[in-house]
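The sequence and structure are shown first.

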Amino acid sequence: MPAERVADTCPLTEEELTLRRELAAAYRLCAEFGWDDLIYTHISARIPGPQHHFLVNPLGLGFDEITASSLVKIDLDGAIVGDSPYRPNAAGFVIHGAIHGVREDAQCVMHLHTEAGMALSILEEGLLPLTQHAMRFHGRIGYHDYEGIALTLDEQQRIIADLGDNAALVMRNHGTITVGRSVGHAFTEMFYLEKSARTQLQALATGRPLRIPDAAVVALTARQWIADLGVSNDREWPHLVRRLDRLDPSYRD
């Protein structure tokens, strides 16, 4: 991660403060769901505006410690924007900077190393359309072969190509990524991807034959999910924020 900083000439707007609180909430909820990995992995959110600045977690803090004010603002070159006592994770810039730079619809990018996500990434067949939740990703998921820890800039173009315009990316032998039009949308996509992965792994563990629905039914279900996504307005997210507010509202600080 470049060490240089650039001045932040724009004062903190109400829009950015709201985004910071939503992103901090996503980190805390990941910790609550057991999706964290000590101080590693990252969730980023693009700040509205022409600058293409985005927020990421500070390296050294656990997801359960993230607050709105501790998030680090960086640009697409990886430079810290404004004053911050923290440094971001270099791998966060490589992965998230690449996606934010080309996907205007990717307001939020989540990258996790959960046990279910990593186990799914090992399976040659990838995610199977075994459940209604898994069918949500039919035609909306890509796969990226492992190239080592994501620290080299030349991997960015391959990550972008493998993600394409999909909602999710399985990073082989590594973990998972989801993108969304908002923090709530990306989080919900990850929730369903996680549940789909866990269900597939549990079914495989039985050693019994798997029943995969007819291809036409899978395609229909995928279309139904997409139609619902167009009008859902991230309906699940407010419930999750209310749940977090009851548990610990300090993420808002």
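## Helix packing and salt bridges

In this predicted model, the axes of helix H3 (residues 115–122) and helix H6 (residues 183–206) come within 9 Å and cross at roughly 65°; helices are DSSP runs of H or I with at least four residues, and axes are lines fitted to C-alpha atoms over the stretch in contact, with angles from 0 to 180 degrees between N-to-C directions. The contact (heavy atoms within 4.5 Å) is made by Ala 116, Gly 117, Ala 119 and Leu 120 of H3 and by Glu 194, Ala 197, Arg 198, Gln 200 and Leu 201 of H6.

Residues are numbered from 1 along each chain as its sequence is written. Local features need pLDDT of at least 70, side-chain atom pairs count only at pLDDT 80 or more, totals for chains, interfaces and linings use all residues, and side-chain values use heavy atoms, leaving out hydrogens and water.

A search of the whole structure finds 12 salt bridges, each a side-chain nitrogen of Lys or Arg within 4 Å of a carboxyl oxygen of Asp or Glu. The table lists some of them.

| Pair | Closest N and O atoms |
|---|---|
| Glu 189 and Arg 136 | 2.8 Å |
| Arg 158 and Glu 147 | 2.8 Å |
| Arg 158 and Asp 154 | 3.8 Å |

Glu 189 and Arg 136 are both buried, that is, under 20% relative accessible area, where exposed is over 50% and partly exposed lies in between (1.4 Å probe, protein chains only). Arg 158, by contrast, is partly exposed at 37%, and Glu 147 is partly exposed at 36%.

How values were computed:
Helix = DSSP H or I, 4+ residues; strand = E, 2+ residues; numbered from the N terminus.
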